[in-house]
Amino acid sequence: ALDNKDQELTAVGIEQVQALRKTISNISPTYLDNVELIVTSPLKRALQTTLNLIGNDCERYAHKIFIQPLAAEQGYKLCDIGVKKSELLQELPAVQWFGGWKELHSEWWTYPESVQQFEQRMGTFKQWLQSRSQCNICVICHSRPIRYLCHKELENAGTTTVTWNRKM
């Protein structure tokens, strides 16, 4: 999987997201309704996680989903190289209804990406999140951004809550 460009979710990954969706639904049935913004990385596995999380309710939630390249994994493995926007659209046509789609560059990723470049991007991403008018934001991304932004290690399809001071 690490040797393929922009790897899709595996069958296990899909099962993990479906289990997460069920858990969220059982604990807080209105969670997705209460989230003001869902930010997702443009890597296929994150977009597929987003789509699986919202299930068949794409029309209901598309207006609150935003594709943000700043949320992408650090570009240091082949699987962290994105695919062109046209290929994403062909494979995942629902993404065209998400915020950020029109602004997404055809080749939006940086590869290879140094630690310094990654840390600078994460700083920019954190500032972007803190400057948003929305308060309840769900971010669907990858292990390194989570580790950098939250200082936590999470399992695949894991969740955590972070509270930051706003920077308006």
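Me: Where does Ala 157 lie, and what makes it partly exposed?
Reply: Ala 157 sits in the segment after helix 7 (143–150). This is a predicted model, and the computed relative accessibility of Ala 157 is 31%. Buried needs under 20% and exposed needs over 50%, so at 31% Ala 157 counts as partly exposed.

Me: What is the phi of Ala 157?
Reply: About 60°, a positive value, although Ala 157 is not a glycine. Most residues other than glycine have a negative phi.

Me: Which value does phi take at Asp 6, and where is that residue?
Reply: Phi of Asp 6 is near 45°, again positive in a non-glycine residue. Asp 6 belongs to the segment before helix 1.

Me: Why is Asp 6 called buried?
Reply: Its relative accessible area is 1%. The cut-off is under 20%, so Asp 6 is buried.

Me: And Arg 45, buried or exposed?
Reply: Buried: Arg 45 has 18% relative accessibility, and the limit is under 20%. Arg 45 is part of helix 3.

Me: How do you know that the side chain of Arg 45 makes a polar contact with the side chain of Asp 80?
Reply: The distance for that pair is 2.8 Å. The cut-off for such N or O pairs is within 3.5 Å, so 2.8 Å qualifies. The Arg 45 side chain also reaches the backbone oxygen of Cys 79, at 3.0 Å.

Me: What else does Arg 45 touch, not counting residues up to four places away in sequence?
Reply: Its contacts include Asp 6, Glu 73 and His 142.

Me: Which residues touch the most other members of the largest nonpolar core?
Reply: Ile 38, Ile 54, Leu 88 and Phe 98, out of 31 residues in that core. Helix 1 (11–27), helix 3 (44–54), helix 4 (58–61), strand 2 (65–67) and strand 3 (137–140) each supply at least two residues. Helix 3 gives the largest share, 5 residues. Apart from this core lies another, of 13 residues, including Leu 70 and Phe 118.

Me: What is Leu 88 in contact with, leaving aside neighbours within four places in sequence?
Reply: Among its partners are Asp 6, Leu 47, Trp 101 and Trp 108.

Me: What makes the peptide bond between Tyr 111 and Pro 112 cis?
Reply: Omega is about -10° there, and the bond is cis. Most peptide bonds are trans. Pro 112 is in the loop between helix 5 (85–91) and helix 6 (115–130).

Notes:
Residues numbered from 1 in each chain as written. Predicted model: local features only at pLDDT ≥ 70, side-chain atom pairs only at ≥ 80, totals over all residues. Heavy atoms only, no water. Core = buried A, V, L, I, M, F, W, Y, C linked by side-chain atoms within 4.5 Å. Buried < 20%, exposed > 50% of the residue type's maximum accessible area, 1.4 Å probe, protein only. Helix = DSSP H or I, 4+ residues; strand = E, 2+ residues; numbered from the N terminus. Contact = heavy atoms within 4.5 Å. Polar contact = N/O pair within 3.5 Å; in protein donor to acceptor, adjacent residues only side chain to side chain.
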